[in-house]
Amino acid sequence: MAYVKRDEQGNIIAVFDTPQTETDESVSINSEELISFLRDSENTDDARAALSVSDLDMIRVLEDLINTLIDRKVILFTDLPLAAREKLSNREKIRGHLNSLDDLMGDDNGIL
C-alpha cells in the first residue's frame, strides 16, 4: 500500500511509503489512479515512494520464484551465492517462527 495526500478536489498530489501526519489514506500500489498520477508527475520523490512500497511485494515474489525453481530442480540451492543462501535461510527461519506463533494463537474456542 502507498499513502497518498489529496487536494480539495480529491486528486492525488503526493505519495508516501509510510503514513504521514497530513494523510493516512492508503491506496493499492496497482491502483490505476496512482499509476496515472506517477506517470504524469514530475516529482521523482513520489515515484521513489511508490517503488519503495512495491519493493516489499517484489521481494516476496522473487523469494517464491527462487523456491519454485529449487523445488522443480531447475537450480540447486547450492548454486546460489553464499550471501543469497544466507539471506534466504534467515528469512525462511523468521517466517517459520512467525507461522509457529500464529499457530499458537489459533482459532481454538476452548477454555479461554
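Start by selecting Val 61, which sits in helix α2, residues 44-71 (helices are DSSP runs of H or I, at least four residues, and strands are runs of E, at least two, numbered from the N terminus). This is a predicted model, where local features need pLDDT of at least 70 and side-chain atom pairs need 80 or more, while totals for chains, interfaces and linings use all residues. Residues count from 1 along each chain as its sequence is written, and side-chain values use heavy atoms, leaving out hydrogens and water.

Val 61 has 46% relative accessibility, so it counts as partly exposed (buried is under 20%, exposed over 50%, partly exposed in between, with a 1.4 Å probe and protein chains only).

Now slide along to Asp 55, where α2 has a kink of about 30° (the angle between axes fitted to the seven residues ending there and the seven starting there).

Next, pick Glu 63, buried at 6% relative accessibility. What does the Glu 63 side chain meet in a salt bridge? Show Arg 91: the N to O distance is 2.6 Å (a salt bridge is a side-chain nitrogen of Lys or Arg within 4 Å of a carboxyl oxygen of Asp or Glu). Arg 91 belongs to helix α3 (residues 82-104), so the pair ties α2 to a part 28 residues away in sequence.

Finally, select Glu 33 and Arg 6, another salt bridge at 2.7 Å, N to O. Glu 33 is in helix α1 (residues 32-40) and Arg 6 in strand β1 (residues 2-6), 27 residues apart.
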